[in-house]
Amino acid sequence: MKCLFHKIVFVGLILLADCKLMLAQEQIVHGINGNFEINSQFYKADSAIEAPEVSEKMLNNAFMNVNYINGNFRAGLRYEAYLNPILGFDERYKGSGIPFRYAAYTKDAIDITVGNFYDQFGNGLILRCYEERAIGLDNALDGIRVGYKPAAGIYIKGMIGRQRDFFELSSGLLRGIDGNIQLNEAIEKLKDKKLQLGFGGSFVSKYEKDEDLVRNLPENVASWAARTNMTYGKLSMNVEFAYKYNDPYIGNNYIYKNGEALYINTTYSQKGFGAELTAKRVDNMGYRSERTATVNQLIINYLPTINKQYTYRLLTLYPYATQSNGEMGISGSAFYKIKSDTKLGGKYGADIAINASAVNDIQKSPASNDTLGYESDFFAIGKTIFYRDLGLEVTKKISKKLKMILSYTFQKYNKDVIEGKSTFGLLDAHTGVVEITWKLTSKQSIRTELQHLYTKDDKQSWAMWLVEYSISPNWSFTIFDEYNYGNDIPDHRYHYYNATCGYTRNANRFSIGYVRQRAGLLCIGGVCRVVPASNGVSLSITSRF
């Protein structure tokens, strides 16, 4: 009854605001928009690939966003239903409700939001509230956020709230403030200068009551970050350093060591060429609004991965997950466009991209005080390899109707560290991909992929083929097969067949398919969830309005 009352009041406030704004303005920007999505899976047990029996037979995740805007006022809500959650999603999502609702307005350089909201300070090293539905992550804040722009180039914002904890709220309370100044906008004399400079700073504090009968745990855990961004012609640089005071929690085995993180990103870009270099150091920077939270629950901050995020199917067998308890890494990438009508580029030219990354542990030594856990020299690189990759990709248009992509990637992957295994160690994987797109007519095309992964480790080598036939703008048909042909156990050389049909009309899309899913990790931006093996029929509907 209480929830129903809140919903009635919320809708009433929207209508009241609508009426007031209509009286106050002659011309009003207003409207309603949103989107709907449902993903359902019909399951069949498959003992060969260890796909479990699902008692409900069918599971689904669904949501609907509704947003309203009228002049300076905006509001919205999202209804979600996990009945019951698709395999691989946390069972604590089970149920339905309205976990996200907000109202906001902007007036005279001030922006106020009440209810739920997403936000980020800088690169997210001490605060990032966001949603990544594919991995079951949603750490939205429920509270109040106020932003203010006192002058050109200056923006300040502050917030207070509790994080979403499935269909509940965390017991921990977050408070934060962030400020940013772009000097070239704030100072008139610098507006036309080639050198563009900006500075920012953040402060976040978490409060959680200490109810531990053994340990003396800090109830307020503070963190701060300072950052700068610089652009000079074709060169740009972004640097941020973050510091977190002692925060014992289950993820660091309740040690009292302070945490720190450094992120540096440099890019250079000109016509036909671009390069990027990124470095990162993380030391004990796990940050959650409850000490006992695990997996993707109640994460306060975001520690970006620096390696390339691969999309080809076999390259996702070994994705890297950021190690919040300690890692050091560097990555680089470059892009070069070979001009058309040249000997090397031919009639249509070509694109070449290369990438590489290396991530190690940080060097650790026992601390003089056992409660601190360990000590670490900031510039010392640990001996344990977490991840390596090296990739080369060439994109070439053969003719007006034919396009080809060739790629090779080497990966070195520490399965023990990244997946929490034991006595497995490092594995080396070599993956080659050939992708060809053939435009049959102005509305029809065929895209094919041939992928091969070679490794002597783990389940050994894989091969994959894919064919996708598209009839624009409505139909698409896709079939593919992943085959673990190299498994050293002959009876485990499984095929993972998939076939999908999709239909799109205006803002609506429907797809249905048969899926035999291998177990593994699904990672986005260095944050992962475990995907169990499954077998069955999938159905997806998406719509926008």
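This is a predicted model: local features need pLDDT of at least 70, side-chain atom pairs count only at pLDDT 80 or more; totals for chains, interfaces and linings use all residues.

Biologist: Is K347 buried or exposed?

Modeller: Start with its place: K347 sits in the loop between β19 (327-338) and β20 (350-362). The cut-off for exposed is over 50%. K347 has a relative accessible area of 57%, so K347 is exposed.

Biologist: What is omega at the cis peptide bond that joins L83 and N84?

Modeller: Most peptide bonds are trans. The bond between L83 and N84 is cis, and N84 falls in the loop between β3 (73-82) and β4 (95-107). Omega there is about -15°.

Biologist: Which residue does a cis peptide bond join to S472?

Modeller: Omega of this bond is about 5°. The partner is P473.

Biologist: What is phi of N253?

Modeller: Most residues other than glycine have a negative phi. N253 is not glycine, yet its phi is positive. N253 belongs to the loop between β16 (235-244) and β17 (259-270). Its phi is near 65°.

Biologist: Is Y254 buried or exposed?

Modeller: Y254 is also in the loop between β16 and β17, with a positive phi near 60°. N253 is exposed, at a relative accessible area of 64%. The relative accessible area of Y254 is 17%, and buried means under 20%. Y254 is therefore buried.

Biologist: How many aromatic pairs does a search of the whole structure find?

Modeller: Rings of Phe, Tyr and Trp pair if their centres lie within 6.5 Å. Over the whole structure, the search finds 18.

Biologist: What kind of pair do the rings of Y130 and Y302 make?

Modeller: Their centres are 5.7 Å apart. Their planes stand at 75°, and over 60 degrees counts as edge-to-face. So the pair is edge-to-face.

Biologist: How many residues apart in sequence are the parts that Y130 and Y302 tie together?

Modeller: Y130 lies in the loop between β7 (128-129) and β8 (131-132). Y302 lies in the loop between β18 (273-283) and β19. Y130 is buried at 9% relative accessibility, and Y302 is buried at 13%. The parts they tie together are 172 residues apart.

Biologist: What is the angle between the planes of Y469 and F477?

Modeller: These rings are 6.3 Å apart, centre to centre. Y469 is partly exposed, at 26% relative accessible area, and F477 is partly exposed at 33%. The pair is stacked, with an angle of 20°.

Biologist: Which residues form one aromatic cluster with Y82?

Modeller: The cluster holds both Tyr and Phe rings. Alongside Y82 are Y93, F166 and F167.

Biologist: What distance separates the C-alpha atoms of I338 and I352?

Modeller: I338 is in strand β19. I338 is buried, with a relative accessible area of 9%. I338 and I352 are 14 residues apart along the chain. Their C-alpha atoms are separated by 7.7 Å.

Note on methods. Residues are numbered from 1 along each chain as its sequence is written. Side-chain values use heavy atoms; hydrogens and water are left out. Helices (H or I, at least four residues) and strands (E, at least two) are DSSP runs, numbered from the N terminus. Buried means under 20% relative accessible area, exposed over 50%, partly exposed in between (1.4 Å probe, protein chains only). Rings of Phe, Tyr and Trp (its six-membered ring) pair if their centres lie within 6.5 Å; planes under 30 degrees apart count as stacked, over 60 as edge-to-face and the rest as tilted.
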